[in-house]
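Welcome! Open your viewer, bring up the model, and follow along one selection at a time.

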Amino acid sequence: LKRPTASLNDFAKCSQALGVPITGAGIDERITERAAALLQGLFEQALRDFRQATPLPSALLKQFNGIHLTDSTQIQLPPVFQSVFAGSGGSASAAALKLTLSFDYLTGTMSAVELTAGRVPDQSSSIPLVGAEPGSLHLFDLGFFRRALFVALQDSGAFFISRLNVRVALYPAA
């Protein structure tokens, strides 16, 4: 983590210091589609465990056919990745990966995952519309606040909850 340009051999040395005997070539051989599928499965199991550990009242949930929690996070990358995953620059990282995830609380599964450059705003993500069907509920933070998204969800018969952007004016219906 202290060396943004660390090689696989550097990771191997760190692993060996932690008691895991492996070489740089050994790490390279293990970065496969099967390994990615395993990590995805482990992540989904952790989300299911989270869901079971934090149950909501079932009567409250029965009115929805899906409860989609959507959020994003950024992971700073070494500058060498700037051409693929541009960061925000300035005092922020020159290279960053944005991971946007939608989690269906009712099924305990990831309903969508998106990887983009760190500088891509949440509002441009298509993830919030995944699972938008009549009777589904979608929860977002202010990063996804966009009138067009809310209109699309309403038109699909879905419900949504988001904090109100303080720059938005509300008027009583005439």
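Is Leu 97 buried or exposed? Select Leu 97 and have a look: with a relative accessible area of 14%, this residue is buried, since buried means under 20%. Bear in mind throughout that you are looking at a predicted model.

**Stop 1: around Leu 97**

Leu 97 sits in strand S2. Now show what surrounds Leu 97: leaving aside residues up to four places away in sequence, Leu 97 touches Thr 73, Gln 74, Ile 75, Leu 77, Phe 85, Leu 115, Thr 116 and Gly 118. Asp 28 is 69 residues from Leu 97 along the chain, and their C-alpha atoms are 21 Å apart.

**Stop 2: the sheet**

Switch to a cartoon view and pick out the strands. Five of them make an open sheet with mixed pairing, and its order is S3-S2-S1-S4-S5. S3 and S5 are the edge strands, each pairing on one side only. As you step from one strand to the next, the twist averages 20°.

Go to S4 and S5, which pair in the parallel sense over four bridges.

Helix H3 (residues 33–53) touches S2 and S3, and its direction makes about 125° with that of S3. H5 also packs on the sheet, touching S4 and S5, with its direction at about 165° to that of S4.

**Stop 3: a charged pair**

Side chains of opposite charge can pair when their charged atoms come close. How many salt bridges does a search of the whole structure find? The search finds one. To see it, select Lys 98 and Asp 122, whose closest N and O atoms are 3.0 Å apart. The pair links distant parts of the chain: Lys 98 is in strand S2 (residues 95–104), while Asp 122 is in the loop between strand S3 (109–117) and strand S4 (136–140), 24 residues apart. Both partners are tucked away: Lys 98 counts as buried at 8% relative accessibility, and Asp 122 is buried with a relative accessible area of 12%.

**Stop 4: aromatic rings**

Show the aromatic side chains next; the count comes to five aromatic pairs. One of them is Phe 64 with Phe 159: the ring centres lie 6.0 Å apart and the planes stand at 75°, so this pair is edge-to-face. Phe 64 belongs to the loop between helix H4 (58–61) and strand S1 (66–77), and Phe 159 to strand S5 (residues 159–162), so the pair links distant parts of the chain, 95 residues apart. Phe 64 counts as buried at 18% relative accessibility, whereas Phe 159 is partly exposed at 45%.

Then select Phe 150 and Phe 160. What kind of aromatic pair do Phe 150 and Phe 160 form? They are stacked, at 4.3 Å centre to centre with 5° between the planes. Phe 150 lies in helix H5 (residues 147–155) and Phe 160 in strand S5, so the pair ties together parts that are 10 residues apart in sequence. Color them by accessibility if you can: Phe 150 is buried at 10%, and Phe 160 is partly exposed at 32%.

Phe 145, Phe 150 and Phe 160 form one aromatic cluster.

Definitions and conventions
Residues numbered from 1 in each chain as written. Predicted model: local features only at pLDDT ≥ 70, side-chain atom pairs only at ≥ 80, totals over all residues. Heavy atoms only, no water. Phe/Tyr/Trp six-rings, centres within 6.5 Å; stacked < 30°, edge-to-face > 60°. Helix = DSSP H or I, 4+ residues; strand = E, 2+ residues; numbered from the N terminus. Buried < 20%, exposed > 50% of the residue type's maximum accessible area, 1.4 Å probe, protein only. Salt bridge = Lys/Arg side-chain N within 4 Å of Asp/Glu carboxyl O. Pairing = 2+ DSSP bridges. Axes fitted to C-alpha atoms, helices over the stretch in contact; angles between N-to-C directions. Contact = heavy atoms within 4.5 Å.
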